[in-house]
Amino acid sequence: MFESVCFYLCGGLMLLGGIMTVASRSAVASAVWLIFAFLNAAGVYALLSAPFLAILQVLVYAGAIMVLFLFVIMMLHGPVMNEDLRSRSRWFWPALALPLAAIAGSAVTLLGRARGGAFPAPAPHGFGRAEQVAALLLDRYLLAFELISIVLLVAIIGALSLGLREGRRT
Amino acid sequence: MEQVTALFARIAGAGTLSPQLLLWLGALTMALIMALVMAACAIVFTWAERKVAGFIQSRYGPMRVGRWHGIAQPIADMLKILQKEDIIPADADRKFFILAPFVLFIGSLMAWAAIPFAPGFVAADLDMGLLYIFAASSLVTIGILMSGWASNNKWSLYGAARGAAQIVSYEIPLALAVVPVVLYAGSLNMTDIVVAQQGGIWKWFALRNPFLFVSFLIYFLASIAEVNRTPFDLPETESELVAGYHTEYSGMRFAFFFLAEYANLFLVSCIATAVFLGGWGHPVPGLNFAPALVFLAKAVLLVLAQIWIRWTLPRLRVDQLMHVCWKVMIPLALVCLAGSGVWMLAFVRFA
Amino acid sequence: MSRKLLERLQQEFGTAILRTADQHGDAVIWVAPKDATVVLRHLRDREQCELLLDVAGVDYPERAKRFEVNYLLRSLARAHRVRVKIDVAEGEAVESATPLWRCADWHEREVFDLLGVPFRGHPDLRRILCHHEFEGHALRKDYPIEQGQPCVSTEKLFGDHEIEQASRRSEGVAAAGDESGLPSDLLTVNIGPSHPATHGALRVEVLLDGETVVRARSEIGYLHRCFEKEAEDHTWHEVMPYTDRLNYCSALLNNAIWAHSVEKLLGVQITPRCRAIRVIVSELARLTDHLVCLAANLVDIGALTNYWYLYNVREGIYQIFDKLCGSRLTTNYARIGGMSHDLYPGFAEETLFHLGRLDEAIRDVTGLVARNRIFLDRTVGVGAISREEALSWGYTGPCLRATGLAYDVRRFAPYFGYEEYDFDIPVGEHGDTYDRIMVRFEEMKQSARIIRQALRKLPEGPVNIDDPRVILPPKESVYGSIEGMMNQFKLIYEGIQVPAGEAYGFGEGGNGELGFFCVSNGTGRPWRVKVRPPCFPIFSSYSRLIEGGMIPDAIAILGSLNIIAGELDR
């Protein structure tokens, strides 16, 4: 009971955060709402026995990436950003339709499964803990994991070299 | 928390309270205790800071309020600050201006849940306690950025930008410094980490091997940067940025920043105690009756060391701050991580 | 010395030199406005007058050529003291000396502001001390002293165009074609007038690229109260307490040098005991000045504790001042022809005690910072200025000595008998913030040395000269005899009758050469007093020093230059 209440609360707030992210007029408000949505997503993960994911969600997304976002938004001139957001893009309706379709699609699937009684089995004890994630990443998906690291490394070096070249020109 | 819940169960008599209710009661009690600890450390440490600063600077510090060495000065300060006018600048972003101190405060309050003060005395004995603490305290940055931006003051914005850059950067050596400990303890659970250090002073992770000792120093220095204190107090340098991100705050809202700052100061010391200095473990025979006191004593000593450093050293410049972090601390922390791993393979027999 | 120089100049320029004179050792030459630049250039290049001390304007409404502009020059190598006088009529322009000495910029702006003399070829001829909305020229004799003007608007120091330009330069080619329509990336920030690091009221508008200062421009005058106009409205004696408020960190030095300047004009010799007392109190004042500067500078760098170590000593010296003069800050102790009164009994012991504490404090503080890595990183190479550049900017005092030039007025042109004392002139090497700080530390040791010597051989005898035209009669004679009472009455109401003439009296102040250019028309009140505040030319170079550095550097540099707003703005 208690867990379901928490789940719906977190889920609802996450949705609210998501909607406010797109609906907000100011870029800073959008970013803060996005953080709010991320925190609630972390709550949902925690309830779905994925504590490691939940903590990473807060640490990486809310704590680091969004800080970077806020940083950039604040360094740009506030009023300019607000001005840009005030005009409604012609992509507004298509952009709205896409998530609605996605929601409808997943709702249909879930309802169909529920009618058939084919819910997936509950996760085994200890699922989603650091050990399991580590075991998967460093054992079964080691190659993919390492490849991603290399891609990220290349990205970092690329960003650095681009930034340095621009800096040298001045 | 289990202990607290058990205590409630014993008081009420076995079976009279539902486990759900017991859980709620226990959580509430622990939350209350943590909030009190936070308030208490703000009170104690402001006084301690002023007395230690006074001692270092060949003066007395507070001497009047409360008869004995101004012991009641923090309470007087608190009463004063409560009565101050609450000013919100006309051009400030009201919502974020009001929200920011709470975000900051909640971030540091949340982290307290996973600190093990004594065997079983921990609000939430999470499997990933260490990670959780870092995650919770990373929210502090958001509070700083919000406050700086919402104040609509260029100095505040500079303070916030410096604060965010500094905290995000120093989180890396901070986290890298504790990784070797996780390697040794084989767990991210705070209690497990402390338990792994029991049985003599040489079991403390700071003293297990030379690499870990360097890791401890890196952690300690990076933690000073995390809590924005001299020589890393760039986000609030009064001689450069007036007061940094909280320039425009007054009264109770300012008090929240203040409270969070001292709570964070104690928090990073508690983490250092638990992770590097054996938690409640101690070499003195006959002191086993009060493990929490041992823990607190170690943490307080670390706080005093931070106060000592604050009143001794000048402040770094922004670029030097980043230099120290990215070009000194992070490589060193990585070397220590690798070194510790090699040391483990060479000298430690796995059970 | 000056005679030879005058002969050389007359041979060189012939009739272009209208007149010459030797006033108290200063070579004075009159030139026509059209010849001014040539003569000044010759003086700088051929006679090694590397220092332009001040530009002083004097107003004589009854003359046909109403204004007289004095360029006060100094040659350190040849020990020349030259004053070039240029007479101009209302509206007639003087050729600007900014291409010759960079400090001429602010000095000429001041003459323009207060007297309304225009300078041709000046790069930035705006008001400097008065508000930009101020109408009229305050130091003209026909400007009524009571007439205030409410001025409220803030001056924008950088125009939009300039910001745009600076921003384009800082972004370079990369952003030249950037048509994003975003405003410039540079942030305009005001440091001051009310900022913790300004330690007074001054304003620096900076264009920041991140933390880096791209352009800076400073504005002064927030503490301007027109001391010089006030001085014209008071007797020579009554100016004394006003001098306390110039450099309020070392009021006794101002007192002593003001008295010295008027005595020069009067041509009186003070007693040996008075000379020794002035040396002692001047050096004590120098100590307080350096202590305040160092303490504040270290606080600006974040080393807070040193503040108490240094201020405890200053507190001790202030207690001595309190006993000696009845006040701690505004001492008003010197008198023309002597001192207000003799030292109090036990002065020597107390002073020696506090000098002991000073040694201890210097040891403690240098122990904490002198080899501290963070402190070195923050100060070494920060705000460095070369010797030549420093001279061109009109640096004197510790800031000049930090560049390696051992120029000290106490040695260059001894007064108060400084030549009898044994002391060294500490110099730096690189002219950076570190050297400025360390030079001040060493100078404090030397000051203590001088005080110890002076106390040891303090001569007995009267403090004041025996001259009823200058010195007030003792109270018994004021109340007891008609002559005494008349004497008192005359001196108080009419003031000391200073013979008509001019003199530039100068000495080594806390920040450098402090001078008073006094003009008397033979009455009890000065016709014109022009202060030569040491930090005025130094601060004019500030925006150049900080450009390219970061905000924290700017703050550290500001502290090390020791800008005292009371003296800067007068």
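Predicted model: local features only at pLDDT ≥ 70, side-chain atom pairs only at ≥ 80, totals over all residues.

In which strand of chain C does F517(C) lie?

Reply: F517(C) sits in strand β14 of chain C, which covers residues 513-520.

Let's begin with the surroundings of that one residue. F517(C) has 24 other C-beta atoms within 10 Å, and the cut-off for calling a residue buried is 20 or more, so F517(C) counts as buried. Once you set aside its neighbours within four places in sequence, its contacts are D54(C), A56(C), N70(C), L72(C), Y504(C), K530(C) and R532(C). For a sense of distance, take R456(C): R456(C) and F517(C) are 61 residues apart in sequence, and their C-alpha atoms are 34 Å apart in space.

Now for the strand partner. β14(C) pairs with β15(C) in the antiparallel sense, over six bridges. One pairing you can look up by eye is V519(C), whose bridge partner in β15(C) is R528(C). As for β15(C) itself, the strand spans residues 526-532 and six of its seven residues are buried, so it is largely enclosed by the rest of the structure. Two of the contacts of F517(C) listed above, K530(C) and R532(C), fall within the residue range of β15(C).

Next, the domains. 17 residues of domain 1 of chain C are in contact with 17 residues of domain 2 of chain C. On the domain 1 side, the elements giving two or more residues are β3 (51-59) and β4 (67-74) of chain C. β3(C) gives the most, with six residues. By class, that side of domain 1 has 10 nonpolar, three polar and four charged residues.

For another view, turn to chain B. Chain B has 13 helices and zero strands. Its radius of gyration is 21 Å, close to the 20 Å that the globule rule gives for 351 residues, so chain B is as compact as a globular protein of that length. Along the principal axes, its C-alpha atoms fill a box of roughly 65 × 55 × 40 Å. Of its 351 residues, 52% count as buried. Among the contacts in chain B with a separation of 6 or more, 76% come from residues 24 or more positions apart.

Chain B also touches chain A: 19 residues of chain B are in contact with 20 residues of chain A. On the chain B side, α5 (129-137), α6 (139-150) and α7 (154-185) each supply at least two residues. α6(B) gives the most, with six residues. That side of chain B divides into 15 nonpolar, three polar and one charged.

Technical notes. Residues numbered from 1 in each chain as written. Chains lettered and ligands numbered in written order. Contact = placed C-beta atoms within 7 Å. Helix = DSSP H or I, 4+ residues; strand = E, 2+ residues; numbered from the N terminus. Nonpolar A, V, L, I, M, F, W, Y, C, P; charged D, E, K, R; others polar. Buried ≥ 20, exposed ≤ 12 C-beta atoms within 10 Å, placed from the backbone. Pairing = 2+ DSSP bridges. Rg over C-alpha atoms; globule rule 2.2 N^0.38 Å.
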